[in-house]
Amino acid sequence: MRTLSLPLALTARISPVVVLAAAGWALTSGPATTPAAEKEPTPQSAGESPSGASTAAASKQYAAAPAPCGSIAKATLKSLVPGAKTAGKEIPSTDTSLRRTCSWNALKGYDYRWLDVSFEITESDAAAAKSYKENTTEKSGGGSVPGVGDAGYSVVNLTTEDKQQTREGVVIIQASNALVTVTYNGSDFESKKAPSTDEINKGAIKAAKEAVAALESGQKV
């Protein structure tokens with residue numbers, strides 16, 4: 001098998017990767033949630049028992065976001081992002097207990113792949129459901145992902161810039177008071193074509209299922 005060097009033409013083609021990377025980070029950033037600690041407490045009326053607050057706290061299933069870079073199996077990462085370091089790179093967060101994101105990306109030969117996995121912990125199931133609805137409405141044109149969490153949604157879009165195609169899939173899962181968002185995209189800088197819709201959609205859903213399983217188990221894969 002011959003080894004392909006990167007000619008000047010390819011270097012010019014790879015320039016959209018910077019744009020893709022920025023888009024990948026932006027897509028996983030999503031609307032920030034307000035930490036519970038920043039919300040002003042409701043004054044307790046005279047004679048009111050604090051048991052209500054205790055019950056609410058107890059019903060919050062997930063108190064913190066899991067380590068995102070350990071949420072996807074190494075075999076899955078090697079399949080979805082060939083050539084990427086399986087350790088991934090965690091994106092800095094202002095509050096890692098509420099939001100954590102890990103990213104993997106690599107250019108192998110002429111094929112580029114990018115994968116983001118993000119966990120967001122909200123104050124309640126209702127808050128997560130509201131955020132889920134807002135995000136899925138914004139990313140219209142997709143379909144449901146059954147059997148994962150409380151609600152699941154997947155959408156795939158194709159974009160073309162300077163005749164270079166990029167296909168990107170986004171999967172959003174609500175699981176109790178947590179939101180799991182997976183972004184997966186790819187391009188071929190030799191043919192200028194993008195991977196098929198089926199490949200991107202199945203890859204994003206597979207990663208999302210593993211991320212939700214990691215959230216539910218509270219353990220690294």
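**Close-up views of a predicted protein model**

**View 1. Helix H5 on the sheet.** Helix H5 (residues 125-138) lies across strand S5 (151-161), S6 and S7, and runs at about 160 degrees to S6. Axes are lines fitted to C-alpha atoms, for helices over the stretch in contact, and angles run from 0 to 180 degrees between N-to-C directions. Contact means heavy atoms within 4.5 Å. Helices (H or I, at least four residues) and strands (E, at least two) are DSSP runs, numbered from the N terminus. This is a predicted model: local features need pLDDT of at least 70, side-chain atom pairs count only at pLDDT 80 or more, and totals for chains, interfaces and linings use all residues. Residues are numbered from 1 along each chain as its sequence is written, and side-chain values use heavy atoms, with hydrogens and water left out.

**View 2. The open sheet.** Seven strands form an open sheet in the order S1-S2-S3-S7-S6-S5-S4, with antiparallel pairing. Strand S1 (89-91) and strand S4 (143-144) stand at the edges; each has a single partner strand, so one side of each lacks a neighbour in the sheet. Two strands pair if DSSP finds at least two bridges between them. S2 and S3 pair in the antiparallel sense over 10 bridges. Here Asn-105 stands opposite Trp-114 in S3.

**View 3. Strand S7 and its two partners.** S7 is largely enclosed by the rest of the structure, because 11 of its 11 residues are buried. Buried means under 20% relative accessible area, exposed over 50%, and partly exposed in between (1.4 Å probe, protein chains only). Ala-178, Val-180, Val-182, Tyr-184, Gly-186 and Asp-188 point one way from S7. Leu-179, Thr-181, Thr-183, Asn-185 and Ser-187 point the other way. S7 runs antiparallel to S3, joined by 11 bridges, and Ile-121 stands opposite Ala-178. S7 also runs antiparallel to S6, joined by nine bridges, and Ile-172 stands opposite Thr-181. S6 and S7 form a hairpin with two residues between them. In that turn, Ser-176 has a positive phi of about 55 degrees.

**View 4. The largest nonpolar core.** This core holds 33 residues, of which Trp-104, Leu-115, Val-117, Val-171, Ile-173 and Val-182 touch the most other members. A nonpolar core is a set of buried Ala, Val, Leu, Ile, Met, Phe, Trp, Tyr and Cys residues joined through side-chain atoms within 4.5 Å. Elements giving two or more residues to it include helix H4 (74-80), strand S2 (99-108), strand S3 (111-121) and strand S6 (164-175). H6 gives the most, with eight residues. Not counting residues up to four places away in sequence, Ile-173 touches residues including Tyr-132, Val-145, Leu-179, Ala-208 and Val-212. A second, separate core of eight residues includes Ala-128, Tyr-132, Val-155 and Leu-179.

**View 5. Helix H6.** H6 lies across S3, S5, S6 and S7, and runs at about 150 degrees to S7. The 21 residues of H6 should span 30 Å at 1.5 Å a residue, which agrees with end C-alpha atoms 30 Å apart. The expected span is 1.5 Å times one less than the number of residues in the helix. The buried residues of H6 include Ile-200, Ile-205, Glu-210, Val-212 and Leu-215. Their cover includes H4, S3, S5, S6 and S7. Just after H6, Gly-218 takes a positive phi of about 70 degrees.
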